[in-house]
Amino acid sequence: MPAELSPIDKAKFVAAKRATEFVEDGMKLGLGTGSTAAWMVRCLAERIREEGLRVTGVPTSTRTAELAASLGVPLATLDEVKWLDMTIDGADEFDPHLALIKGGGAALLQEKIVATASDQMIVIADAAKEVTQLGAFPLPVEVIPFGWQTTKALIEETLVSLDVLNRDCTLRMNGERPLVTDEANFIIDLHLKRIGNPRQLALVLNQIPGVVENGLFIDICDIVVIGHGDGRVTVRDINQGTEGEDFVEFAPTDNIFADIE
Ligand SMILES: O=C[C@H](O)[C@H](O)[C@H](O)COP(=O)(O)O
């Protein structure tokens, strides 16, 4: 068990813990990917152990699948369950409309499919992820490896025509080699000077041959749970137009650190 969590990890933990309180017995649940989503999987596993909560999780990456399986969270594929009650996932940025940039962990494709197939998407994030305008975080785009350089050039041309390109797009690397996603694709990160119209950008990007999906999630997220390092959580519901503040006791048990060195 780590001696002390950093304030940012505490913020992620409290957001994740609060979000798992939305989970009800019998739910089919999309399990997001990333460091914040990993806390959610740990908190969920704790509820399963302690309360006998019954859920079926649909993971959005092999990483999440391995973590959830190792902690005893029952899993199924999306094709087995077809539709989900809720997805809980992290984000790289969220704006006042709860539009998101996702894909910093290269899992955006499965994440978008799973979130879209859910009645409700809850995003969990530390407060630093909140922005007034998306786009400071490089926008990840998943492309097929065939002809990726041509696809990248077409993306850049499109961004120039929309007057949003800041500097050349970059192929995401894993050491010396291109990073390969769970779907055996590559990721191109887009460096934007501004997002422009995110809805238009998302549509235009997906029309470029070779592009599989982009990391803009628009009108998908319903609730954001924002964690703070002192244990406060802000719950913002875009459909209800409500915002409330809570406090989550920061008392993680030894069990919750079981998979952490
Ligand atoms: O591809 C990865 C996902 O979209 C993550 O949910 C996102 O990058 C946030 O990750 P983290 O919680 O580690 O900041």
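Visitor: What does Glu111 count as, buried or exposed?

Guide: Start with the rule. A residue is buried if 20 or more other C-beta atoms lie within 10 Å of its own, exposed if 12 or fewer, and partly exposed in between, with C-beta atoms placed from the backbone. Glu111 has 32 C-beta neighbours inside 10 Å, so Glu111 counts as buried.

Visitor: What kind of model is this, and how are residues numbered?

Guide: This is a predicted model: local features need pLDDT of at least 70, side-chain atom pairs count only at pLDDT 80 or more, and totals for chains, interfaces and linings use all residues. Residues are numbered from 1 along each chain as its sequence is written.

Visitor: What does UniProt list for Glu111?

Guide: The UniProt entry, which is unreviewed, lists Glu111 under "active site". UniProt positions follow the numbering used here, feature names are shortened, and annotations may be inferred rather than shown by experiment.

Visitor: Where is Glu111, by element?

Guide: Elements come from DSSP: helices are H or I runs of at least four residues, strands are E runs of at least two, and both are numbered from the N terminus. Glu111 sits in helix H5.

Visitor: Which residues is Glu111 in contact with?

Guide: Contact means that two C-beta atoms, placed from the backbone, lie within 7 Å. Set aside neighbours within four places in sequence, and Glu111 is in contact with Gly32, Thr33, Thr60, Asp89 and Lys102.

Visitor: Which residues come nearest to the ligand?

Guide: A residue is near a molecule if its C-beta atom, placed from the backbone, lies within 6 Å of it. There are 18 residues around the ligand, and Gly34, Thr36, Gly90, Gly104 and Gly105 come nearest. Two elements give two or more residues to this shell: helix H2 (35-51) and helix H5 (108-116). H2 gives the most, with 3 residues.

Visitor: What is the span of helix H1?

Guide: The expected span is 1.5 Å times one less than the number of residues. H1 covers residues 7-20, 14 residues. From first C-alpha to last, H1 reaches 20 Å, close to the 20 Å expected.

Visitor: Why is H1 largely enclosed?

Guide: Because 11 of its 14 residues are buried, H1 is largely enclosed by the rest of the structure. The buried residues of H1 pack against H2, strand S3 (86-89), strand S6 (121-126), strand S14 (223-227), strand S15 (232-237) and strand S16 (242-247). Ile8, also in H1, is partly exposed, with 15 other C-beta atoms within 10 Å. Beyond four places in sequence, Ile8 is in contact with Asp126 and Gly229.

Visitor: Which residues does Ile124 touch?

Guide: Ile124 is in strand S6 and is buried, with 32 other C-beta atoms within 10 Å. Not counting residues up to four places away in sequence, Ile124 touches Ala15, Ala16, Ala19, Thr36, Met40, Ile88, Gly90 and Val225. Ile124 and Phe13 are 111 residues apart along the chain, yet their C-alpha atoms are separated by 9.3 Å.

Visitor: How many bridges join S1 to S3?

Guide: Two strands pair if DSSP finds at least two bridges between them. Strand S1 (residues 28-31) runs parallel to S3, joined by 3 bridges. Gly30 stands opposite Thr87 in S3. S3 also pairs with S6 in the parallel sense, over 3 bridges. There, Thr87 stands opposite Met121. S1 pairs with strand S2 (residues 56-59) too, parallel, over 4 bridges.

Visitor: Which way do the residues of S3 point?

Guide: Met86 and Ile88 point one way, Thr87 and Asp89 the other, and all are buried. S1 is covered on both faces: Lys28 and Gly30 on one side, Leu29 and Leu31 on the other, all buried.

Visitor: What is the phi of Ala184?

Guide: Phi of Ala184 is near 65°, a positive value in a residue other than glycine. Ala184 lies in the loop between strand S10 (177-178) and strand S11 (186-192). Ala184 is exposed, with 8 other C-beta atoms within 10 Å. Asp219 also has a positive phi, about 60°, although it is not a glycine. Asp219 is in the loop between strand S13 (216-217) and S14, and counts as exposed with 12 C-beta neighbours inside 10 Å.
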